[in-house]
Amino acid sequence: MRHLMCVCLLIPLLWLPVSAQQEIMPTSPQGYIKSGAGLQMWRQERVMTNPLMQLSIPVEMVIPLSSTLNIYSSFSFGRTDYTALINRRQFTNPEHTEYVFSPKQEKWNLSGLSDFYVQGNMLMWDSRLLCIAGLGLPVGKTKLNYMENIISNYLYNNIFQFQMPVYGQGFFAKAGAFLSYPLMENLVLGGGLSYHLRGEYVPLHNYLINDTLLHNYDKKFDPGDEFCVHMGLDVRLMDDMKWMLDGIVTYFQRDIVDGEEMYQSGTRLTLNTGLFYRYDEQYVWLLMNYRQKNKNRYLQAIQFQEEAYNTNRPELDLNLIWKAFAIVGGGIHILVDGRFYGENEAGQAKTHVLGGGFGGEYRFSYSTTMEFYLKYLAGSREQGNIKLNVEGMDISVKMKYEF
(Lines give C-alpha, C1' and ligand atoms only; values in the text may rest on other atoms or scores of the structure.)
Protein backbone atom coordinates (compact mmCIF):
# COMPACT_ATOMS: atom_id res chain seq x y z
CA MET A 1 0.00 0.00 0.00
CA ARG A 2 2.85 2.41 0.68
CA HIS A 3 4.17 2.18 -2.86
CA LEU A 4 1.15 3.66 -4.58
CA MET A 5 3.02 5.57 -7.23
CA CYS A 6 5.04 2.54 -8.26
CA VAL A 7 1.75 0.78 -8.98
CA CYS A 8 0.26 3.85 -10.68
CA LEU A 9 3.28 4.15 -12.95
CA LEU A 10 3.03 0.46 -13.78
CA ILE A 11 -0.60 0.51 -14.93
CA PRO A 12 -0.04 2.43 -18.21
CA LEU A 13 2.86 0.11 -19.12
CA LEU A 14 0.61 -2.93 -18.94
CA TRP A 15 -1.23 -1.89 -22.09
CA LEU A 16 1.81 -2.89 -24.14
CA PRO A 17 2.51 -6.50 -23.15
CA VAL A 18 -0.90 -7.26 -21.58
CA SER A 19 0.46 -10.56 -20.33
CA ALA A 20 0.64 -9.15 -16.80
CA GLN A 21 3.20 -11.59 -15.51
CA GLN A 22 3.81 -9.39 -12.47
CA GLU A 23 0.72 -8.87 -10.34
CA ILE A 24 2.13 -5.78 -8.62
CA MET A 25 5.48 -4.04 -8.66
CA PRO A 26 7.63 -5.54 -5.89
CA THR A 27 8.83 -3.16 -3.20
CA SER A 28 12.44 -4.36 -3.50
CA PRO A 29 12.72 -5.75 -7.05
CA GLN A 30 15.57 -8.00 -8.04
CA GLY A 31 17.73 -7.08 -10.94
CA TYR A 32 16.83 -8.76 -14.20
CA ILE A 33 17.37 -8.76 -17.94
CA LYS A 34 14.50 -9.66 -20.25
CA SER A 35 14.44 -10.21 -24.00
CA GLY A 36 12.60 -12.17 -26.63
CA ALA A 37 10.66 -11.62 -29.82
CA GLY A 38 7.22 -10.39 -30.78
CA LEU A 39 5.33 -10.79 -34.05
CA GLN A 40 2.31 -8.63 -34.90
CA MET A 41 0.19 -8.72 -38.05
CA TRP A 42 -2.66 -6.37 -38.94
CA ARG A 43 -4.74 -5.76 -42.01
CA GLN A 44 -7.72 -3.58 -42.86
CA GLU A 45 -10.17 -4.02 -45.71
CA ARG A 46 -9.50 -1.69 -48.70
CA VAL A 47 -6.77 0.20 -46.81
CA MET A 48 -4.26 -2.52 -45.92
CA THR A 49 -5.37 -5.49 -48.00
CA ASN A 50 -2.01 -7.17 -47.40
CA PRO A 51 -0.92 -7.69 -43.78
CA LEU A 52 1.34 -5.14 -42.12
CA MET A 53 3.82 -7.32 -40.22
CA GLN A 54 6.26 -6.29 -37.52
CA LEU A 55 8.94 -8.39 -35.84
CA SER A 56 10.31 -6.76 -32.70
CA ILE A 57 13.14 -7.82 -30.39
CA PRO A 58 12.92 -5.80 -27.16
CA VAL A 59 15.58 -5.78 -24.45
CA GLU A 60 15.01 -4.38 -20.97
CA MET A 61 17.10 -4.45 -17.84
CA VAL A 62 16.75 -3.44 -14.19
CA ILE A 63 19.90 -3.00 -12.10
CA PRO A 64 19.32 -2.47 -8.34
CA LEU A 65 21.99 -0.22 -6.87
CA SER A 66 20.48 -0.33 -3.38
CA SER A 67 17.22 -1.19 -1.66
CA THR A 68 15.83 2.22 -2.66
CA LEU A 69 17.55 2.95 -5.97
CA ASN A 70 17.48 1.10 -9.28
CA ILE A 71 18.28 1.77 -12.93
CA TYR A 72 15.91 0.74 -15.73
CA SER A 73 16.95 0.66 -19.38
CA SER A 74 15.38 -0.55 -22.62
CA PHE A 75 15.75 -0.57 -26.38
CA SER A 76 14.40 -2.62 -29.28
CA PHE A 77 15.17 -3.76 -32.78
CA GLY A 78 12.29 -4.05 -35.19
CA ARG A 79 11.48 -4.75 -38.80
CA THR A 80 8.15 -3.91 -40.41
CA ASP A 81 7.18 -5.31 -43.82
CA TYR A 82 4.31 -4.34 -46.09
CA THR A 83 3.40 -5.26 -49.66
CA ALA A 84 1.74 -2.19 -51.18
CA LEU A 85 -0.40 -2.02 -54.31
CA ILE A 86 0.71 1.12 -56.17
CA ASN A 87 -0.59 2.73 -59.36
CA ARG A 88 2.60 3.65 -61.21
CA ARG A 89 2.75 5.78 -64.37
CA GLN A 90 3.69 3.80 -67.49
CA PHE A 91 4.57 5.88 -70.55
CA THR A 92 3.09 4.69 -73.84
CA ASN A 93 5.29 6.62 -76.31
CA PRO A 94 9.03 7.36 -76.64
CA GLU A 95 8.50 11.08 -76.00
CA HIS A 96 7.12 10.32 -72.50
CA THR A 97 4.13 12.56 -73.14
CA GLU A 98 1.39 9.96 -72.88
CA TYR A 99 1.00 7.47 -70.09
CA VAL A 100 -1.42 5.21 -68.29
CA PHE A 101 -1.55 4.11 -64.68
CA SER A 102 -0.95 0.43 -64.02
CA PRO A 103 -1.21 -1.33 -60.65
CA LYS A 104 1.96 -2.89 -59.30
CA GLN A 105 2.84 -4.62 -56.03
CA GLU A 106 5.89 -3.30 -54.21
CA LYS A 107 7.52 -4.69 -51.08
CA TRP A 108 8.33 -2.01 -48.53
CA ASN A 109 10.08 -2.35 -45.19
CA LEU A 110 11.16 -0.24 -42.27
CA SER A 111 13.83 -1.65 -39.98
CA GLY A 112 16.31 -0.48 -37.36
CA LEU A 113 16.86 0.24 -33.70
CA SER A 114 14.65 2.25 -31.40
CA ASP A 115 16.07 4.98 -29.20
CA PHE A 116 17.88 3.76 -26.08
CA TYR A 117 16.11 4.75 -22.85
CA VAL A 118 17.56 4.71 -19.33
CA GLN A 119 15.82 5.83 -16.12
CA GLY A 120 16.79 6.04 -12.47
CA ASN A 121 14.13 5.42 -9.76
CA MET A 122 14.71 6.38 -6.14
CA LEU A 123 12.41 5.83 -3.16
CA MET A 124 12.74 8.23 -0.24
CA TRP A 125 10.92 9.35 2.89
CA ASP A 126 9.99 5.92 4.18
CA SER A 127 9.21 4.80 0.60
CA ARG A 128 6.47 7.42 0.18
CA LEU A 129 8.34 9.64 -2.29
CA LEU A 130 9.43 8.34 -5.69
CA CYS A 131 11.82 10.46 -7.77
CA ILE A 132 12.65 9.55 -11.36
CA ALA A 133 15.02 10.90 -13.99
CA GLY A 134 15.41 9.45 -17.47
CA LEU A 135 17.16 10.00 -20.78
CA GLY A 136 16.30 8.85 -24.29
CA LEU A 137 19.39 8.66 -26.46
CA PRO A 138 18.65 9.25 -30.18
CA VAL A 139 20.09 6.11 -31.76
CA GLY A 140 16.82 5.10 -33.43
CA LYS A 141 16.15 5.38 -37.14
CA THR A 142 15.11 8.80 -38.48
CA LYS A 143 15.35 10.49 -41.91
CA LEU A 144 12.74 8.16 -43.36
CA ASN A 145 12.21 7.87 -47.08
CA TYR A 146 8.78 8.11 -48.69
CA MET A 147 7.92 4.41 -48.35
CA GLU A 148 9.17 4.22 -44.76
CA ASN A 149 7.07 7.26 -43.87
CA ILE A 150 3.91 5.57 -45.20
CA ILE A 151 4.66 2.51 -43.05
CA SER A 152 5.30 4.68 -39.98
CA ASN A 153 1.89 6.33 -40.41
CA TYR A 154 0.25 2.89 -40.21
CA LEU A 155 2.35 1.93 -37.17
CA TYR A 156 1.32 5.09 -35.34
CA ASN A 157 -2.37 4.09 -35.40
CA ASN A 158 -3.16 3.42 -31.73
CA ILE A 159 -5.78 0.77 -32.49
CA PHE A 160 -3.01 -1.61 -33.62
CA GLN A 161 -0.80 -1.11 -30.54
CA PHE A 162 2.41 -2.14 -32.26
CA GLN A 163 5.33 -2.86 -29.96
CA MET A 164 7.43 -0.36 -31.96
CA PRO A 165 5.04 2.36 -33.19
CA VAL A 166 8.03 4.68 -33.74
CA TYR A 167 11.75 4.10 -34.22
CA GLY A 168 13.66 7.32 -33.58
CA GLN A 169 12.33 10.49 -31.92
CA GLY A 170 15.43 12.52 -31.10
CA PHE A 171 16.85 13.33 -27.69
CA PHE A 172 14.47 12.91 -24.76
CA ALA A 173 14.77 13.75 -21.05
CA LYS A 174 12.28 13.11 -18.26
CA ALA A 175 12.15 14.08 -14.60
CA GLY A 176 9.41 13.72 -12.01
CA ALA A 177 8.47 13.25 -8.39
CA PHE A 178 5.49 11.33 -7.00
CA LEU A 179 4.27 11.32 -3.41
CA SER A 180 1.89 8.88 -1.72
CA TYR A 181 0.12 9.56 1.58
CA PRO A 182 -2.02 7.07 3.57
CA LEU A 183 -5.35 8.69 4.42
CA MET A 184 -6.46 5.62 6.37
CA GLU A 185 -5.45 1.99 6.72
CA ASN A 186 -6.95 0.85 3.41
CA LEU A 187 -6.76 4.08 1.39
CA VAL A 188 -3.70 5.81 -0.06
CA LEU A 189 -3.74 9.05 -2.07
CA GLY A 190 -0.93 9.93 -4.45
CA GLY A 191 0.08 12.77 -6.71
CA GLY A 192 3.04 14.06 -8.65
CA LEU A 193 4.51 16.13 -11.45
CA SER A 194 6.72 15.24 -14.40
CA TYR A 195 8.32 17.13 -17.27
CA HIS A 196 9.34 15.67 -20.63
CA LEU A 197 11.95 17.53 -22.67
CA ARG A 198 12.08 16.64 -26.38
CA GLY A 199 14.91 17.55 -28.72
CA GLU A 200 14.78 18.21 -32.44
CA TYR A 201 15.51 15.66 -35.15
CA VAL A 202 15.00 15.14 -38.89
CA PRO A 203 12.02 12.79 -39.41
CA LEU A 204 12.05 12.68 -43.25
CA HIS A 205 14.72 12.56 -45.94
CA ASN A 206 12.47 12.65 -48.98
CA TYR A 207 8.78 13.27 -49.46
CA LEU A 208 6.20 13.06 -52.24
CA ILE A 209 4.27 16.23 -53.12
CA ASN A 210 2.02 16.45 -56.20
CA ASP A 211 3.56 13.27 -57.64
CA THR A 212 7.05 14.80 -57.29
CA LEU A 213 9.62 13.20 -55.02
CA LEU A 214 11.51 15.84 -53.04
CA HIS A 215 14.99 14.56 -52.18
CA ASN A 216 17.07 15.89 -49.29
CA TYR A 217 13.94 17.23 -47.59
CA ASP A 218 15.81 17.22 -44.24
CA LYS A 219 13.66 19.75 -42.37
CA LYS A 220 14.23 19.72 -38.62
CA PHE A 221 11.29 18.93 -36.37
CA ASP A 222 11.30 19.98 -32.72
CA PRO A 223 8.31 18.40 -30.89
CA GLY A 224 6.86 20.41 -28.03
CA ASP A 225 7.85 19.59 -24.47
CA GLU A 226 5.26 18.03 -22.16
CA PHE A 227 4.22 18.79 -18.59
CA CYS A 228 2.19 16.17 -16.71
CA VAL A 229 0.10 16.30 -13.52
CA HIS A 230 -0.54 12.91 -11.88
CA MET A 231 -3.14 11.90 -9.29
CA GLY A 232 -3.83 8.43 -7.97
CA LEU A 233 -5.81 6.32 -5.49
CA ASP A 234 -5.03 2.90 -4.08
CA VAL A 235 -7.90 1.24 -2.21
CA ARG A 236 -7.81 -2.17 -0.54
CA LEU A 237 -11.42 -3.31 -0.70
CA MET A 238 -10.78 -6.64 1.02
CA ASP A 239 -7.75 -8.66 2.04
CA ASP A 240 -7.69 -10.25 -1.42
CA MET A 241 -9.08 -7.38 -3.54
CA LYS A 242 -7.52 -4.08 -4.56
CA TRP A 243 -8.66 -1.14 -6.73
CA MET A 244 -6.31 1.42 -8.32
CA LEU A 245 -7.09 4.67 -10.13
CA ASP A 246 -4.57 6.91 -11.86
CA GLY A 247 -5.31 10.17 -13.68
CA ILE A 248 -2.83 12.12 -15.82
CA VAL A 249 -3.31 15.54 -17.41
CA THR A 250 -0.70 16.34 -20.07
CA TYR A 251 -0.02 19.82 -21.42
CA PHE A 252 1.87 20.14 -24.73
CA GLN A 253 4.02 23.02 -25.93
CA ARG A 254 4.14 24.01 -29.60
CA ASP A 255 5.88 21.93 -32.26
CA ILE A 256 8.50 23.71 -34.37
CA VAL A 257 9.19 22.81 -38.01
CA ASP A 258 12.30 24.26 -39.64
CA GLY A 259 12.50 27.02 -37.02
CA GLU A 260 8.83 28.07 -37.19
CA GLU A 261 6.09 27.23 -34.67
CA MET A 262 3.47 25.24 -36.57
CA TYR A 263 1.29 23.11 -34.31
CA GLN A 264 0.18 22.57 -30.71
CA SER A 265 -1.52 19.40 -29.55
CA GLY A 266 -4.58 19.70 -27.31
CA THR A 267 -4.40 18.95 -23.60
CA ARG A 268 -4.76 15.21 -22.98
CA LEU A 269 -6.61 13.49 -20.15
CA THR A 270 -5.66 9.88 -19.38
CA LEU A 271 -7.50 7.69 -16.86
CA ASN A 272 -6.13 4.28 -15.86
CA THR A 273 -7.92 2.01 -13.45
CA GLY A 274 -7.43 -1.58 -12.36
CA LEU A 275 -9.28 -4.05 -10.13
CA PHE A 276 -7.23 -6.96 -8.80
CA TYR A 277 -8.72 -10.02 -7.09
CA ARG A 278 -6.81 -13.05 -5.83
CA TYR A 279 -8.26 -16.43 -4.93
CA ASP A 280 -6.16 -19.43 -3.95
CA GLU A 281 -3.18 -19.38 -6.36
CA GLN A 282 -5.14 -17.69 -9.15
CA TYR A 283 -6.14 -14.09 -9.77
CA VAL A 284 -8.29 -11.86 -11.99
CA TRP A 285 -7.13 -8.43 -13.13
CA LEU A 286 -9.44 -5.94 -14.90
CA LEU A 287 -7.76 -2.95 -16.55
CA MET A 288 -9.16 0.13 -18.27
CA ASN A 289 -7.38 2.97 -20.07
CA TYR A 290 -9.26 6.03 -21.37
CA ARG A 291 -7.70 8.90 -23.34
CA GLN A 292 -9.19 12.13 -24.68
CA LYS A 293 -7.62 15.34 -26.05
CA ASN A 294 -8.94 18.86 -26.38
CA LYS A 295 -8.85 20.68 -29.73
CA ASN A 296 -5.46 21.20 -31.37
CA ARG A 297 -4.10 24.57 -32.43
CA TYR A 298 -2.07 25.29 -35.55
CA LEU A 299 -0.61 28.19 -37.47
CA GLN A 300 -3.07 29.83 -39.85
CA ALA A 301 -1.75 32.80 -41.80
CA ILE A 302 0.22 34.65 -39.08
CA GLN A 303 -1.42 33.46 -35.87
CA PHE A 304 -2.30 30.30 -33.98
CA GLN A 305 -5.95 29.33 -34.09
CA GLU A 306 -7.92 26.49 -32.58
CA GLU A 307 -9.29 23.99 -35.06
CA ALA A 308 -13.00 24.32 -35.79
CA TYR A 309 -13.71 20.65 -35.03
CA ASN A 310 -11.82 18.44 -32.63
CA THR A 311 -9.84 15.99 -34.78
CA ASN A 312 -8.89 13.97 -31.67
CA ARG A 313 -11.22 11.20 -30.66
CA PRO A 314 -11.91 9.34 -27.41
CA GLU A 315 -9.99 6.07 -27.03
CA LEU A 316 -10.91 3.30 -24.60
CA ASP A 317 -8.87 0.12 -24.01
CA LEU A 318 -10.17 -2.71 -21.82
CA ASN A 319 -8.22 -5.77 -20.69
CA LEU A 320 -9.05 -8.84 -18.65
CA ILE A 321 -6.20 -11.00 -17.38
CA TRP A 322 -7.31 -14.17 -15.62
CA LYS A 323 -4.76 -16.57 -14.20
CA ALA A 324 -7.09 -19.49 -14.65
CA PHE A 325 -4.70 -22.37 -14.09
CA ALA A 326 -1.85 -22.55 -11.62
CA ILE A 327 0.87 -25.05 -12.44
CA VAL A 328 4.13 -25.94 -10.75
CA GLY A 329 6.48 -23.10 -11.59
CA GLY A 330 3.95 -20.83 -13.24
CA GLY A 331 0.45 -20.46 -14.61
CA ILE A 332 -1.78 -20.11 -17.68
CA HIS A 333 -3.65 -16.84 -18.30
CA ILE A 334 -6.86 -16.21 -20.22
CA LEU A 335 -6.69 -12.82 -21.97
CA VAL A 336 -9.52 -10.61 -23.25
CA ASP A 337 -8.70 -7.39 -25.13
CA GLY A 338 -11.13 -4.71 -26.32
CA ARG A 339 -10.30 -1.41 -28.04
CA PHE A 340 -13.10 1.09 -28.70
CA TYR A 341 -12.21 4.36 -30.44
CA GLY A 342 -15.05 6.80 -31.04
CA GLU A 343 -15.83 9.14 -33.92
CA ASN A 344 -14.38 12.65 -33.64
CA GLU A 345 -16.10 15.97 -34.35
CA ALA A 346 -14.54 16.07 -37.82
CA GLY A 347 -16.25 12.81 -38.74
CA GLN A 348 -13.29 10.45 -38.55
CA ALA A 349 -14.54 6.87 -38.56
CA LYS A 350 -15.03 5.05 -35.29
CA THR A 351 -13.08 1.83 -34.87
CA HIS A 352 -13.43 -1.08 -32.50
CA VAL A 353 -11.71 -4.44 -32.19
CA LEU A 354 -12.33 -7.26 -29.73
CA GLY A 355 -10.47 -10.47 -29.13
CA GLY A 356 -8.24 -12.36 -26.79
CA GLY A 357 -6.12 -15.42 -26.35
CA PHE A 358 -3.93 -16.97 -23.73
CA GLY A 359 -0.55 -16.41 -22.09
CA GLY A 360 1.40 -17.33 -19.03
CA GLU A 361 4.76 -17.88 -17.46
CA TYR A 362 6.90 -20.85 -16.54
CA ARG A 363 9.93 -20.82 -14.24
CA PHE A 364 12.65 -23.11 -15.52
CA SER A 365 14.95 -22.45 -12.57
CA TYR A 366 15.40 -20.19 -9.58
CA SER A 367 16.50 -17.33 -11.84
CA THR A 368 15.04 -18.03 -15.32
CA THR A 369 11.44 -17.53 -16.41
CA MET A 370 9.69 -17.71 -19.76
CA GLU A 371 6.75 -15.37 -20.47
CA PHE A 372 4.47 -15.67 -23.49
CA TYR A 373 1.11 -14.71 -24.95
CA LEU A 374 -0.90 -15.13 -28.14
CA LYS A 375 -3.90 -13.00 -29.10
CA TYR A 376 -6.23 -12.61 -32.07
CA LEU A 377 -8.45 -9.54 -32.52
CA ALA A 378 -11.08 -8.58 -35.07
CA GLY A 379 -13.44 -5.68 -35.55
CA SER A 380 -14.45 -2.93 -37.94
CA ARG A 381 -13.92 0.67 -38.95
CA GLU A 382 -17.29 2.35 -39.48
CA GLN A 383 -18.22 5.65 -41.09
CA GLY A 384 -21.82 6.18 -42.10
CA ASN A 385 -22.93 3.18 -44.15
CA ILE A 386 -19.35 2.10 -44.84
CA LYS A 387 -17.99 -0.74 -42.72
CA LEU A 388 -14.45 -2.03 -43.23
CA ASN A 389 -13.20 -5.15 -41.47
CA VAL A 390 -10.05 -5.05 -39.33
CA GLU A 391 -8.16 -8.02 -37.89
CA GLY A 392 -4.81 -8.71 -36.27
CA MET A 393 -2.66 -11.17 -34.36
CA ASP A 394 -0.13 -10.54 -31.58
CA ILE A 395 2.44 -13.14 -30.43
CA SER A 396 5.23 -12.67 -27.90
CA VAL A 397 7.79 -14.93 -26.19
CA LYS A 398 10.34 -13.57 -23.72
CA MET A 399 12.97 -14.98 -21.39
CA LYS A 400 13.70 -13.28 -18.08
CA TYR A 401 16.87 -13.83 -16.08
CA GLU A 402 16.98 -12.49 -12.51
CA PHE A 403 20.20 -11.72 -10.69
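**View 1. The side chains of Lys 141 and Glu 148 form a salt bridge, with N and O 3.5 Å apart.** A salt bridge here is a side-chain nitrogen of Lys or Arg within 4 Å of a carboxyl oxygen of Asp or Glu. The model is predicted: local features need pLDDT of at least 70, side-chain atom pairs count only at pLDDT 80 or more, and totals for chains, interfaces and linings use all residues. Residues are numbered from 1 along each chain as its sequence is written, and side-chain values use heavy atoms, with hydrogens and water left out. Lys 141 is partly exposed, at 27% relative accessible area, whereas Glu 148 is buried, at 10%. Buried means under 20% relative accessible area, exposed over 50%, and partly exposed in between (1.4 Å probe, protein chains only). The structure holds 14 salt bridges.

**View 2. Lys 220 and Glu 200 pair in a salt bridge, their closest N and O atoms being 3.7 Å apart.** Lys 220 sits in the loop between β10 (212-214) and β11 (221-222), and Glu 200 in the loop between β8 (187-198) and β9 (207-209), so the pair ties together parts 20 residues apart in sequence. Strands (E, at least two residues) and helices (H or I, at least four) are DSSP runs, numbered from the N terminus. Lys 220 is partly exposed, with a relative accessible area of 45%. Glu 200 is also partly exposed, with 44%.

**View 3. Asp 317 forms a salt bridge with Arg 291, with 3.0 Å between the closest N and O atoms.** Asp 317 belongs to strand β20 (residues 315-327) and Arg 291 to strand β17 (residues 282-293), so this pair ties together parts 26 residues apart in sequence. Both Asp 317 and Arg 291 are buried. Through shared partners, salt bridges join Arg 291, Glu 315 and Asp 317 into one network.

**View 4. The largest nonpolar core has 21 residues.** A nonpolar core is a set of buried Ala, Val, Leu, Ile, Met, Phe, Trp, Tyr and Cys residues joined through side-chain atoms within 4.5 Å. Trp 42, Leu 52, Tyr 82, Ile 151, Leu 155 and Phe 160 touch the most other members. At least two residues each come from β2 (48-64), β3 (69-91), β4 (99-113) and α2 (146-155). β3 gives the most, with three. Apart from this core lies another, of eight residues, among them Met 244, Tyr 283, Trp 285 and Tyr 373.

**View 5. The contacts of Tyr 82 (heavy atoms within 4.5 Å).** Leaving aside neighbours within four places in sequence, the partners of Tyr 82 include Val 47, Pro 51, Leu 52, Trp 108, Ile 151 and Tyr 154.
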